[in-house]
Amino acid sequence: MTARSTRCTTAKTRTSRLAAVAAIAVAGSMLLTACGDQTESGGSTQETGSASASKAPLFSKLPADIQKSGVIKVGTDASYAPMEFTEGGKIVGVDPDIAQALSKQLGVKFEFVSGTFDGLITSIYTGRQQLIMSAMTDNKKRQEGLDDNGKKIGKGIDFVDYFSSGVSLLVKKGNPQGINSLDDLCGKTVAVQRGTIYEDTFKAQATKCGDKKLTIQAFDTDAEAQTRVKAGGAVADLNDYPVAAYIAKTSGGGNDFEVVGSQSDVGLFGIGVSKDNTQLRDAIKEALDAAIKDGSYAEALKKWDVEDSAVKSATINAGK
């Protein structure tokens, strides 16, 4: 499965059946400022939902400080269409729409702040954000706070799992290099967003390629990786299936890219929460289950044509 790294200024994407629907701003007040890096007050911000505290069925489940403020601060990388991206000065997409469904259950606003993907977990550690909703893959490394070499670099975070997806290769339209699998990449150059699970997948493939070297070019944003592939400097990018398909369908009117091969590494996206805030984690889980039950979760997925990625129930730390 996957998880990316940066999302700012340009929209990115991930499936093969995604419709090119017009982005509709989620309900509530949304304010977008200059794109930042998740430090201090930098980053784009947006509020989703309304704080009708006394009427929301699960308001009492929230921590007292959130009940008082009426806001949950959410870190995201809003350049990853259709999951989250900016449109008309607002952050829109699958995750903001799911947040809207959760907001109705909890009675508080979800305030999205956009910054770099690889700074999101740190923003939870420092308390700048209370949640992460950014198509982030739930895995043991992130749960336990480990780096790529298994070294402990933080306490880790908990995940409320809400979306299932695999990864797919995105190549130049017409597939001039005949890429149909990861094995076809040996001896070639690929582009990818830095700090993502996609980069990990390419690194594992590079080891498998051995002497037939796979060269990996990592960029701060997936948009940069896409540009590299489009220009012919790399043969493929790797992305979540919904995003890859959305990019192939919309970029250049559908003339820039295509998705090749089958999905691999199917896994779960999770809403990230501090391990020190189990009350908020459990409230989010209960709200997600309620949204699944009342159909608002399904409506959010249908709007973006990603119904196949629905989960049947919320789980905690179910990623591998």
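Contact means heavy atoms within 4.5 Å. Helices (H or I, at least four residues) and strands (E, at least two) are DSSP runs, numbered from the N terminus. The model is predicted: local features need pLDDT of at least 70, side-chain atom pairs count only at pLDDT 80 or more, and totals for chains, interfaces and linings use all residues. Residues are numbered from 1 along each chain as its sequence is written, and side-chain values use heavy atoms, with hydrogens and water left out.

**View 1. Helix α2 against helix α9.** Helix α2 covers residues 94-106 and helix α9 covers residues 296-303. Their axes (lines fitted to C-alpha atoms, for helices over the stretch in contact) come within 9 Å and cross at roughly 160 degrees, an angle that runs from 0 to 180 degrees between N-to-C directions. Therefore α2 is roughly antiparallel to α9, the term for angles over 145 degrees. From α2, the residues Val94, Asp97, Ile98 and Ala101 meet Ser296, Tyr297, Ala300, Leu301 and Lys303 of α9. By class, the contact of α2 with α9 has six nonpolar, one polar and two charged residues. Here Ala, Val, Leu, Ile, Met, Phe, Trp, Tyr, Cys and Pro count as nonpolar, Asp, Glu, Lys and Arg as charged, and the others, Gly among them, as polar.

**View 2. Helix α2 against helix α8.** Helix α8 spans residues 278-294, and its axis lies 9 Å from that of α2, at an angle of about 105 degrees. This makes α2 roughly perpendicular to α8, a label for 65 to 115 degrees. On the α2 side are Ala101, Leu102, Gln105 and Leu106; on the α8 side they meet Ala283, Ile284, Ala287, Leu288, Ala290, Ala291 and Asp294. This contact of α2 with α8 divides into nine nonpolar residues, one polar and one charged. Ala101 of α2 is listed in the contact with α9 and also in the contact with α8.

**View 3. Glutamine 205 in helix α5.** Glutamine 205 sits in α5, which runs over residues 197-209. Because its relative accessibility is 5%, glutamine 205 counts as buried (under 20% relative accessible area, with a 1.4 Å probe and protein chains only). Apart from neighbours within four places in sequence, glutamine 205 is in contact with Leu182, Asp183, Cys186 and Leu214.

**View 4. The protein chain around these sites.** The protein chain has nine helices and 13 strands. Of its 320 residues, 54% count as buried. Among contacts between residues at least 6 apart in sequence, 78% join residues at least 24 apart.

Note on methods
Buried means under 20% relative accessible area, exposed over 50%, partly exposed in between (1.4 Å probe, protein chains only). Angles under 35 degrees count as roughly parallel, over 145 as roughly antiparallel, 65 to 115 as roughly perpendicular and the rest as oblique.
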